Amino acid sequence: MNLNPNYTIPQNTRIGHVHLKVSDLNRSLDFYCKLLGFELITTYGTDAAFISAGGYHHHIGLNTWQSKNMPPAQKNTVGLFHTAILYPTRRDLANIFQRLLNHDYQLTGAADHGVSEALYLDDPDKNGVELYWDRPKEDWPKKEDGSIDMFTKSLNLNDLLKELE
């Protein structure tokens, strides 16, 4: 295979959706729609559903085609690490955090990455989910050579909640 070493993906390319294998479609819809607030766009028979934010055809596909009633995948194997859901503002992230608190939904972590702030949790099938917002690009930390200086520090959750005051 002769690959062009100078090729770069087009600048406006984005990841359009993720499609998850789940064990119980209704339980997953409760999590993604009733808790996180995604809209159900359509179902595909009784074994798949497509959900979105803002009416897009789908940001997340959920199906039980190969996974109905199966246990969660093991954490220490290859596969999806997490699905990252980007919120438009820090206040939006604070709102979903307050909602998770109100429903006693357990976080698996929370981090300040310099470029973003993130909440981590698992969906009902133990698929990792990151809820985050990006700081403005001009505020991203930089190294001396100008590259981005991402890090992982503890996120001050009380400070995040102050966005709601």
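Reply: Buried means under 20% relative accessible area, exposed over 50%, and partly exposed in between (1.4 Å probe, protein chains only). The model is predicted: local features need pLDDT of at least 70, side-chain atom pairs count only at pLDDT 80 or more, and totals for chains, interfaces and linings use all residues. Residues are numbered from 1 along each chain as its sequence is written, and side-chain values use heavy atoms, with hydrogens and water left out.

Me: How is a pair of aromatic rings described?

Reply: The distance of the centres and the angle of the planes describe such a pair. Rings of Phe, Tyr and Trp (its six-membered ring) pair if their centres lie within 6.5 Å; planes under 30 degrees apart count as stacked, over 60 as edge-to-face and the rest as tilted.

Me: Where in the chain do Phe-31 and Tyr-105 lie?

Reply: Phe-31 belongs to helix H1 and Tyr-105 to the loop between helix H2 (90-102) and strand S6 (109-112), 74 residues apart. Helices (H or I, at least four residues) and strands (E, at least two) are DSSP runs, numbered from the N terminus.

Me: Is Tyr-105 buried, exposed or partly exposed?

Reply: Tyr-105 has a relative accessible area of 26% and is therefore partly exposed, whereas Phe-31, at 3%, counts as buried. Ring pairs also join Phe-31, Tyr-32 and Tyr-105 into a cluster.
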